[in-house]
Amino acid sequence: MDLFSRSWSALRTAVAELRDEDFAQPSGCTGWLVRDLVCHLIIDAQGVLVTLVTPADTEPTRDEVLIAGDYLSAYVLESTLHHLDLIAHLPGAAEPPAEGLARSRDMLEQIAGTAFPASFSDKDVLLVGTGRRSPTDAEKAELGELATKLPLVVR
């Protein structure tokens with residue numbers, strides 16, 4: 001819960017610090033301007049709030065039940081990736097919290113089923129691993145077979 005709060009707070013702060021002209025800049029989400037991404041973030045926030053306050057009186061209908069902690073952990077990854085998207089073309093903007101980057105890397109490595117090279121920063125793992133940035137030739141060589149599985153789809 002604490003990491004979700006810190007990650008989401010950092011993202012909200014980054015949005016609050018945008019200048020009017022920043023909203024017309026491209027974001028790290030292909031085809032989206034910063035203003036499009038901010039609209040998506042508002043919808044995401046509404047979805048999180050609705051999910052967390054909607055009780056269920058029935059038993060789960062599936063074997064894999066997503067508990068609140070797991071749900072919020074997934075949003076650490078979501079908010080960290082979108083924070084990187086938000087600042088992709090805004091030099092000098094504050095980066096996501098280091099602990100959110102590290103936890104998001106862990107989650108992406110779980111999705112990949114393998115670790116990324118230790119030489120990759122957490123930020124580079126997220127950008128390359130999700131296709132937000134193409135790996136350099138040197139990075140492809142380090143990634144080895146993992147490079148053929150990228151980008152990973154994170155929904």
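I listed the contacts (heavy atoms within 4.5 Å) between two helices: Val34, Leu37, Val38, His40, Leu41, Asp44, Gly47, Val48, Thr51 and Leu52 in H2 meet Tyr71, Leu72, Tyr75, Glu78, His82, Asp85 and Leu86 in H3. I sorted the residues of this contact into ten nonpolar, four polar and three charged. Here Ala, Val, Leu, Ile, Met, Phe, Trp, Tyr, Cys and Pro count as nonpolar, Asp, Glu, Lys and Arg as charged, and the others, Gly among them, as polar.

I noted that the model is predicted: local features need pLDDT of at least 70 and side-chain atom pairs 80 or more, while totals for chains, interfaces and linings use all residues. Residues are numbered from 1 along each chain as its sequence is written, and side-chain values use heavy atoms, without hydrogens and water.

Next I looked up the axes, which are lines fitted to C-alpha atoms over the stretch in contact, with angles from 0 to 180 degrees between N-to-C directions. Those of H2 (residues 34-53) and H3 come within 11 Å and cross at roughly 170°. That makes H2 roughly antiparallel to H3 (angles over 145 degrees).

I checked burial in H3: 15 of its 20 residues are buried (under 20% relative accessible area, 1.4 Å probe, protein chains only). Tyrosine 71 counts as buried at 14% relative accessibility, and tyrosine 75 counts as buried at 16%.

I then searched the whole structure for aromatic pairs and found two (ring centres of Phe, Tyr or Trp, its six-membered ring, within 6.5 Å).

Conventions. Buried means under 20% relative accessible area, exposed over 50%, partly exposed in between (1.4 Å probe, protein chains only). Helices (H or I, at least four residues) and strands (E, at least two) are DSSP runs, numbered from the N terminus. Angles under 35 degrees count as roughly parallel, over 145 as roughly antiparallel, 65 to 115 as roughly perpendicular and the rest as oblique. Rings of Phe, Tyr and Trp (its six-membered ring) pair if their centres lie within 6.5 Å; planes under 30 degrees apart count as stacked, over 60 as edge-to-face and the rest as tilted.
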